[in-house]
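The report below describes how two chains of a model meet.

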Protein chains: 2
Amino acid sequence: MRTLQNIHLTRIDHGFSLTYENRLILRHTPDAPCLWAGAGVADIEMFRGNFSIKDRLDEKIALTHATVSDQPDGWAIRFTRGDAVSATLDVSADDKGRLTLTLRNDAARHNRLWLRLAANPEDHIYGCGEQFSYFDLRGKPFPLWTSEQGVGRNKQSHVTWLADCKENAGGDYYWTFFPQPTFVSTQKYYCHVDNSCYMNFDFSAPDYHELAFWEDNATLRIECAPTYIILLEKLTALLGRQPALPDWVYDGVTLGIQGGTEVCQQKLDVMRQGGVKVNGIWAQDWSGIRMTSFGKRVMWNWKWNSERYPQLDTRIAQWKREGVQFLSYINPYVASDRDLCEAAARRGYLTKDAQGQDYHVEFGEFYAGVIDLTNPEAYDWYKEVIKKNLIELGCGGWMADFGEYLPTDTHLHNGVSAEIMHNAWPALWAKCNYEALQETGKLGEILFFMRAGYTGSQKYSTMMWAGDQNVDWSLDDGLASVIPAALSLAMSGHGLHHSDIGGYTTLFEMKRSKELLLRWCDFSAFTPMMRTHEGNRPGDNWQFDADRETIAHFARMTTIFTTLKPYIKQAVEQNARTGLPVMRPLFLHYEHEARAYTLKYQYLFGRDLLVAPVYEEGRRDWTLWLPEDNWVNVWTGETCAGGEVTVEAPLGKPPVFYRAHSDWASLFSSLRHI
Amino acid sequence: MRTLQNIHLTRIDHGFSLTYENRLILRHTPDAPCLWAGAGVADIEMFRGNFSIKDRLDEKIALTHATVSDQPDGWAIRFTRGDAVSATLDVSADDKGRLTLTLRNDAARHNRLWLRLAANPEDHIYGCGEQFSYFDLRGKPFPLWTSEQGVGRNKQSHVTWLADCKENAGGDYYWTFFPQPTFVSTQKYYCHVDNSCYMNFDFSAPDYHELAFWEDNATLRIECAPTYIILLEKLTALLGRQPALPDWVYDGVTLGIQGGTEVCQQKLDVMRQGGVKVNGIWAQDWSGIRMTSFGKRVMWNWKWNSERYPQLDTRIAQWKREGVQFLSYINPYVASDRDLCEAAARRGYLTKDAQGQDYHVEFGEFYAGVIDLTNPEAYDWYKEVIKKNLIELGCGGWMADFGEYLPTDTHLHNGVSAEIMHNAWPALWAKCNYEALQETGKLGEILFFMRAGYTGSQKYSTMMWAGDQNVDWSLDDGLASVIPAALSLAMSGHGLHHSDIGGYTTLFEMKRSKELLLRWCDFSAFTPMMRTHEGNRPGDNWQFDADRETIAHFARMTTIFTTLKPYIKQAVEQNARTGLPVMRPLFLHYEHEARAYTLKYQYLFGRDLLVAPVYEEGRRDWTLWLPEDNWVNVWTGETCAGGEVTVEAPLGKPPVFYRAHSDWASLFSSLRHI
């Protein structure tokens, strides 16, 4: 046995075991090896962000023999299978003392690696980016590939089946806009992989986690901590942290509106007159629209369309004076038939096809070019588009949409395969937006929000939103799914999350009911940002201004939200400082409660509020579980010391408890009177 | 190069090529090897005959290096990957001169093999047992595992989705009761594998067919012929041929009836009075029924139930005198709560669980034991049950149902893993029935029919039926699907096939329409046997006696069928003699017509009739393709020299042509006047 910086390597039974801060990380014997090498040909098809991914596996070889040699900074382990196949694992500590495992295939034709990390049957696993169906990931494989999240996401649901028949769009439990090769084990370590290739993290075996890499190398970083809170602080020290939110975010709801300047003004007036606190208008059609057989689509030519939005420039200034931001929309594609694309093409800034011609992606009756963000000139040019067309116009923020659609057969300026760059793309797109703010001194003043993400989004994406939920009550793709999404992202180092109030996807038989909109509004008042969306078929959906009762509901819930401003703000600032997420799994603060590790539909909002959103239709009461503490029901003042409780849960009174001894107790108790 | 009995082996580029009768069979180089070895753990779950099968693959290793050594009877090729992994391929000719490839893994822990046979991009492939969705198998993998065929069998169909949600029962294109590791290539060779393990024959690559074996050895037999007809003669010389059908089969329709002696008598009388030619009554509930929450189920205790069927013994004799056979039902399970099971258990004739206790399978509110057909005593005992309880009673035949459900975790008397025996089970079950006939001298007099099959069913299963089609028009699971099923089975060496007139599976929104029943009746008049089925929900289905028009339709179509008796009979006898199937793909007789290789919904019935069943709803005309010949429309007498033609196709006049120069022309021309 030899020890280096808390790393111990012991030779056993013709193999070895590797421990780090007393956690068994690797165990290798000829009969139970920890490393496989192999080769395959990725068979990846994309249609509108929906991917069909198969591996035509050429081979997968167990590397049964391991030879350990000491190195000044650790160990080099050569894995072999006879005299024909080999790979190398370097074990060392990085400059921060993190255990670093570097894998390398030796054969040029080998482009697959499988590593088995040691596990205990009782371990829980969290993270892997934004996971909508599972919070504890134990028991299942999680392929990691940024894509559309799927419509329905459960093969047992009728909507999923309809979406699968239409465009292979139904999805499955692991489909996500924001995958990430990072997980936290209840052995209190995190493991993060530096790569961006397609990976599959399989947590289904009792005694190991099998990580598959579609690349010829991989670098893993592992760090331990005495508490999950310190662990997240360490993880976000590695990955980066989001800056604090602009102050205006806490001042009300951002209304998703389309249709032009006057429509925005009218809806704003109606809502304000109804007592709703409004902090902004988000108009994704600011750049104009395109008519297709599917209905109106946003014109992907990223500049103010003054026909659809006359006097927008002066109105932005006026609204800003009234405390209302104007938020717009952009994505990393440019419509092939418009001038921005022509300008990019002229400069050679679009990604290419195999023949060296500009690559145009089909988006449903129109095509768009892909800005090549690996080309520094193209990247800078697009950043200037953001600065000039969005920031100079006075936008208070925007949706920085997409990032998941990089086709794997396009050719990039940096020479790296698009298959490898695909996952990295969302973070690159985030960085471009982030730097536009940073370089104009607008960080902390302007807010962009994204759905797609990857490693790096922690630092560069100023706010996540949960993407395109169905306007329904389904567990895998409705209101409920937003909660594990926020919590898994929290465990992956991103602590700022919100969602479209009411959901977005309105297809087939789905229509948004009034009850769903109001329950979603209730939930959103206990997240760091409130923002509505009309949905893709606004006429089929109940909207925030549909009747007086709905407006009054928004008035009350935005008042609750703005009342919580100082509390939310300090939680957001803490997230910026230490990576402690704003929406937190219960076990972050209640480590000793076994039940805290299995709950995926309730969370702590900051340190002192426990929220259990109602995610079922027609309910008037709700059962939740409280860890041992002194809890007060926000709406009734009733107290509870913990355990399972059933509370009344009418619309407008989502199950929320606060800690009696909180510094914010008087603020919380004031909510009863709103 | 060295040659042995038309086998040539040539050493090339550190590898070799193997040809047989001028067909390239194997080509191996280090960069494009032909053999892989590996290991996996089969993860097989069964619920009511629906299987979920996954391979937890431990490894798959390309064996890049091949060393050929000459042997007296051929060659031994040792395949290696470095000094650690190896397998052996013996190349020889068997006693009939067939090319024989015998594969063997060397490592004890290796239980997987993959072999790539050389292919040309333009080759078509047929066979693999009974395939319902595809006839030409090129372009897809075909896992070979006997199971339920699935309900819907197409993930785009609503019925499939409903069935998947309910019991994982929806199935897919390759699900079949009768898989077989046998295929015919348009290079005019067949390839047959002796094994019964789970296999996957993947015909999707342009230049090879990859055959995967879940076993540590495999034996392939390959034979060539100048024509497909001779090739089938050779294939059936290897696999066996079905005896000719009893003469009574050609004398009318077998009516599927349930409900007791008097119901049978009444329905028989109604049909005969309506002019229907009836050759038999098939009553699956002869052994009684069991009430479950799903409705009536047959009592799986295989003996005459005289309460439900009073005077059956004397009535059987009476019916027989009138030319009407009585057919019953049996399967290889015995209901756990009845005396036959008790008798089997007492003798130790049931298969066992891991603890050595009798294994009982859940069938939906009742359990049944599995007769261990690998135990010679149990096998003989069950054969006696057939002889005594079915043959002695006077049954003219029976449905020998099931055979697909052998659980992979049961323990068998012969010590072979149930995973290996699973596919072999249907043929073992067929053999038991066959020998009961043979030993009582009833072959050619009594007929049993099966849906499940495997290698060996050619010899032992006296008649196949297509299993449980939906009572609908779907391509993958309705009327249409029976045609590729018959043709693929024909190319696998089984030449006798028929189906439930009207289909069987009646679930969800499905109900059998009158039109479907009549179209199916039209089709069945041009198959070797006509037999009806009420379906699993008789009340939801249109039945043969539902109205006068339907009865009259059956009268006419059974008259057509019986008129064809001498013609069908000689085709059946030819099948018994030479393995030339009764329902034939067009290319058997029109080898030079390219289009003949791609048609899956029309066939030759014997040599001189071409049949193109109408399998779409609401059609009154039909377009078909005729190879170059002198054709006469059976219903109009119009002639045609070939090519695509559109004909009128009212109910009762399915598109059928005969060859003008046929010896049977006058018989065929008489059909116009029926």
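A salt bridge is a side-chain nitrogen of Lys or Arg within 4 Å of a carboxyl oxygen of Asp or Glu. Glu59(B) forms one with Arg81(A), with 2.6 Å between the closest N and O atoms; the count between chain B and chain A is two salt bridges.

This is a predicted model, in which local features need pLDDT of at least 70 and side-chain atom pairs count only at pLDDT 80 or more, while totals for chains, interfaces and linings use all residues. Residues are numbered from 1 along each chain as its sequence is written, chains are lettered from A in the order in which they are written, and side-chain values use heavy atoms, without hydrogens and water.

| Item | Value |
|---|---|
| Residues of chain B in contact with chain A (heavy atoms within 4.5 Å) | 22 residues |
| Area buried between chain B and chain A (accessible area, 1.4 Å probe, lost on being put together, summed over both) | about 1,700 Å² |

Carbon and sulfur atoms give 46% of that buried area. In chain B, Lys60(B), Arg81(B) and Trp161(B) lose the most area to chain A, together 31% of what that side buries. Since 100% of the interface residues of chain B are also interface residues in chain A, the copies meet through the same surface.

Key:
Buried area is the accessible area (1.4 Å probe) that two parts lose on being put together, summed over both.
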